[in-house]
Amino acid sequence: MTPRTFSLPRRRFNTAMLLLPLGAGLTSMAGAAAKALSASSTPGLNGEDVPTTWDLTDLFATDSAWNEEAEALKELIPSLASGDVGLDNAATLLATLNRHDAITLRIMRLQVYAVLKSSEDIRVADDAQRASHSYALAAQLKEGMAWRDRAILDLGRQRVLAMIAEDGGLEVYRYPLMSIFRRASHMLDAKGEAMLASAQAVLAAPQRTRQTLLSSDIEFPEIELPKGKLRLDLEGYGTAMNTAARADRARAYDLFATTLHRYERTLGDILGAKVSGNAFLSKARGYPSSLAASLDATNTPRTVYDTLLHEVKARIPLHHRYLEVKRQLLGVDRLALWDMNAPATSLDREWSLAQARDTTLRAIAPLGPEYAGEFAANTLKRWADTLPRKGKREGGFVVGQAYAHPYVLLNYRGNFDSLSTYAHEWGHAMHSWLARAQPHPLFDFPTFIAEVPSKLNELLLLEHLSANADTRQEKLFYLDRLCEQYRGTLFIQSLFADFELAINTAADEGAPPSGPQMSEIYGKLLAEYYGPEIQMHRYSNVMWARVLHFFLDFYVFQYATCLTAATAMLDAIHRDGEPARQRYLGMLRAGNSDDAYKLIAGAGIDLATPEPYRRALDRFERAVVELESLA
Ligand SMILES: [Zn+2]
């Protein structure tokens, strides 16, 4: 199976992200003919059928129905491009917004079908083609609606508020409309906006260059492993770190780091160009920093970022303490960086798909009968493509959407990682399902909140399994996994967030770091977060170069804040029971009806204060203490 590397968690797909090309995974190859997945299922524990394939006819009955809709939309989109429909009164504003919303929904429906269909078998050229077609339509849509926000700004906040008061139909647009005014001072005039739009291709160039360099130009070395040869590109490196024997891991790390080091200057120039682009955009829009510009998209306070880093750094000795237990569990004299993703404990236990469903259902009991009931019902519907298959897209993801129901892709293989992914992805799916309480414009939530329910489900699962473990060995395994959550998500993502802030700040000040300077910054952080006991490689400092997430603009810190919020939320549910549970479920049902930060704060977890981080770190400490006593 594709290893789960804790330092680079899966990205989540939601409908907002579908507006961006998914890229690499959709390379086409001529081959198998398109055919629908036929219904199949596996027996549940109580005689029910647990489906293993999804039913895409909830989206489109046939491929040709999809093609017809794509044609119709292609005709329709150009009509959005002109502002002459007018926004001069409440009725025309509402009509325009409704029209845009309806077409956006139709395009998303096209995209979701195309992405899901092409995930069934990535070798099918027709399906891959349909997916890229849907991205092109989404890009046209975005272009076509580009005039609108500017025109709304020109109406003025007071006038728009008066229109909302006059026509109740506009109420559902209040939050998105007010978000436009909130950012008004950072919008340029029409000429300025057009210039920024035309700079997009140049600003996107660094990521493309990196992709080309890493995927085709750099000759990555190969390593001979017992199972055969492994090419040590980014993916192969991850595989080796997760699965290989210790001596092979050390060798793989050496080969990989040495190769990256050869390109340190070039990779540094590329990332330097990227952060210079961030600095350019933030200056053009009048933000004090690249971080401020990025956080403003979701109206997340800067104190969230700073508090996370401050609180995590204050507890770095706890990280070192855990690493010492990890060393003992691995039975090595000195822990090395290439030991970090190697499993320190193992578990000889498997769960059938029906058992995974049943176990997750028991684990989520603290969320109450209503949530559990919906989970039980939804997991019996044909919403998920569950089992691995030749040609199927690897990993797991959820596409949440407003018009039908969420779809879940899994590659369920029966081990603990699969079970945990099952609980994680269904956490996303349930969030999307509950958020349907909102009308469409308020439905699709950002990453800042999205990983909370998935992480919370993973924590619940570990709690449940740990409480019911049959042997000391089994308990040790779950505890180790819990500790790895906090190590990988809270400490390592904070290290990345620290690095990302440092290089962006340098660029904001007009001096983007070179490759060797980036390595110097990264080396200092490695030394600080890992401590003097950990063995490094002479080129460990260059490992920043493998992290794609630094091109995603302040993305990684959200993994850490989401795990923090999930831990604090679970604490509250255990402590306060029903009221805390209702606050949590209310947050899920709120979708995107307000800023994600405010929705989480409304559920009682203020991520701009130290308290939730301290709760999460205390939870980690309790797990480490318990692990020490069992190790
Ligand atoms: Zn996720």
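At what angle do α2 and α4 pack, and how far apart are their axes? The two helices pack at an angle of about 20°, and their axes lie 11 Å apart. Here axes are lines fitted to C-alpha atoms, for helices over the stretch in contact, and angles run from 0 to 180 degrees between N-to-C directions. Helices are DSSP runs (H or I, at least four residues) numbered from the N terminus. The structure is a predicted model, in which local features need pLDDT of at least 70 and side-chain atom pairs count only at pLDDT 80 or more, while totals for chains, interfaces and linings use all residues. Residue numbers start from 1 along each chain as its sequence is written.

α2 and α4 are therefore roughly parallel to each other; angles under 35 degrees count as roughly parallel, over 145 as roughly antiparallel, 65 to 115 as roughly perpendicular and the rest as oblique. The crossing of α2 past α4 is left-handed, a term used if the near helix is turned anticlockwise from the far one by less than a right angle. On the α2 side, W66, A70, L73 and K74 meet R130, H133 and L137 of α4, where contact needs C-beta atoms, placed from the backbone, to lie within 7 Å. By class, this contact has four nonpolar, one polar and two charged residues. In this scheme Ala, Val, Leu, Ile, Met, Phe, Trp, Tyr, Cys and Pro count as nonpolar, Asp, Glu, Lys and Arg as charged, and the others, Gly among them, as polar.

Helix α4 itself covers residues 125–144, and its 20 residues should span 28 Å at 1.5 Å a residue, which agrees with the 29 Å between its end C-alpha atoms. The expected span is 1.5 Å times one less than the number of residues. Buried residues of α4 include D127, A128, R130 and A131, along with S134, Y135, L137, A138 and L141. A residue is buried if 20 or more other C-beta atoms lie within 10 Å of its own, exposed if 12 or fewer, and partly exposed in between. Among the elements covering these buried residues are α2 (63–76) and α3 (90–120).

From α12, the residues E264, R265, L267, G268, D269 and L271 make the contact with G515, P516, M518 and S519 of α21. Four nonpolar, three polar and three charged residues take part.

For helix α15 (residues 316–330) and helix α20 (residues 472–508), the axes come within 11 Å and cross at roughly 135°. The pair is therefore oblique, and its crossing is left-handed. H319, Y322 and L329 of α15 meet D480, C483, R487 and F491 of α20.

The loops hold some details of their own. G510 sits in the loop between α20 and α21 and counts as exposed, because it has 9 C-beta neighbours inside 10 Å. Its C-alpha atom is separated by 9.7 Å from that of F280, although the two are 230 residues apart along the chain.

Most residues other than glycine have a negative phi. N299, however, has a positive phi near 55°; it lies in the loop between α13 (290–296) and α14 (302–314). D553 also has a positive phi, near 55°, and is found in the loop between α21 and α22 (557–576). With 19 C-beta neighbours inside 10 Å, D553 counts as partly exposed.

Technical notes. Contact = placed C-beta atoms within 7 Å.
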